[in-house]
Amino acid sequence: MASAEHRLSLEPEKQGLLNRHTEKHFTAGEIVRDVIIGVSDGLTVPFALAAGLSGANATSSIVLTAGIAEVAAGAISMGLGGYLAAKSEADHYARELKREQDEIIAVPETEAAEVAEILAQYGIEAHEYGPVVNALRKNPQAWLDFMMKFELGLEKPDPRRALHSAMTIAVAYILGGLVPLVPYMFIPKATEAVVFSVMVTLVALLVFGYAKGRFTGNKPFRSALETALIGAIASAAAFGLAKAFHS
């Protein structure tokens, strides 16, 4: 849906149509992406670590201590990674915005030709896109926004995106990472706790994979099986290697 300031110039009839129409698009893609990154890593990495330590005959208290330390370190690392990624995206947008702004001032005819070329790619004829090009030239800010979106394919990032991304990924990692560690809180013997850890985590991976598939538009059951399979392979590899080296 168009922003409010861009809709003020519409005819009353069209404005009324837009006011009565509510589009049901999913617009929380960035948040879902951050949750998926955090939970998937949170479920898999501590799960593999706990399985590996259990294979080395460590006690539940050692597994739990190491697991909590890993969850804390992993949450900080993943959160920082999310922050830096979002910050880099914002910095890139700012650089390209400044470059495009300078080009509109320095070579307006070339930039106007680029607008015409973009519109022509959508099948709009010269006599049709001519007035659009002229209208954009009269509105430098709209012209700049148009070039950023349609020439460079860049959307203006939310200035709070970096912090939100860091917090979302970190919290999601912690929530996912605690799941495979819960059995070790109640079962002193790690070789017994690992069995329950595997069952609990595989169920969590199946549920998470199904939900991920629903949100991302993929086949939910296939997504659930793929997610659980990845976690199972990671934990089995860690357990087997620990057993082999411990022997």
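Author: Leu80, Tyr83, Leu84, Leu163, Met167, Val171 and Leu175 make a nonpolar surface patch of about 680 Å². This is a predicted model in which local features need pLDDT of at least 70 and side-chain atom pairs count only at pLDDT 80 or more, while totals for chains, interfaces and linings use all residues. Residues are numbered from 1 along each chain as its sequence is written, and side-chain values use heavy atoms, with hydrogens and water left out.

Reader: How is a patch defined, and which helices supply at least two residues of the nonpolar patch?

Author: Areas come from the Shrake-Rupley method with a 1.4 Å probe, and for residues only the protein chains shown count as cover. Here α4 and α8 each supply at least two residues, and α8 gives the most, with 4 residues. Helices are DSSP runs (H or I, at least four residues), numbered from the N terminus.

Reader: Is Leu84 buried, partly exposed or exposed?

Author: Buried means under 20% relative accessible area, exposed over 50%, and partly exposed in between. Leu84, found in helix α4, is partly exposed because its relative accessible area is 46%.

Reader: Which residues touch the most other members of the largest nonpolar core?

Author: A nonpolar core is a set of buried Ala, Val, Leu, Ile, Met, Phe, Trp, Tyr and Cys residues joined through side-chain atoms within 4.5 Å. Of the 17 residues in the largest one, Ala50, Val63, Tyr173, Leu181 and Tyr184 touch the most other members. The elements giving two or more residues to this core are α3, α4 (60-106), α8 (161-178) and α10 (190-216), and α4 gives the most, with 5 residues. A second, separate core of 16 residues includes Ile118, Tyr129, Leu144 and Met147.

Reader: Which residues is Leu43 in contact with, leaving aside its neighbours within four places in sequence?

Author: Contact means heavy atoms within 4.5 Å. Leu43 lies in helix α3 (residues 29-55) and counts as buried because its relative accessible area is 3%. Beyond those neighbours, Leu43 is in contact with Gly176, Gly177, Val179, Pro180, Thr201, Ala204, Leu205 and Phe208. Leu43 and Pro180 are 137 residues apart in sequence, yet 7.0 Å apart in space, C-alpha to C-alpha.

Conventions. Buried means under 20% relative accessible area, exposed over 50%, partly exposed in between (1.4 Å probe, protein chains only). Patches are made of residues with over 30% relative accessible area and no salt bridge: like charges are joined within 9 Å, nonpolar side chains (Val, Leu, Ile, Met, Phe, Trp, Tyr) within 5 Å. A salt bridge is a side-chain nitrogen of Lys or Arg within 4 Å of a carboxyl oxygen of Asp or Glu.
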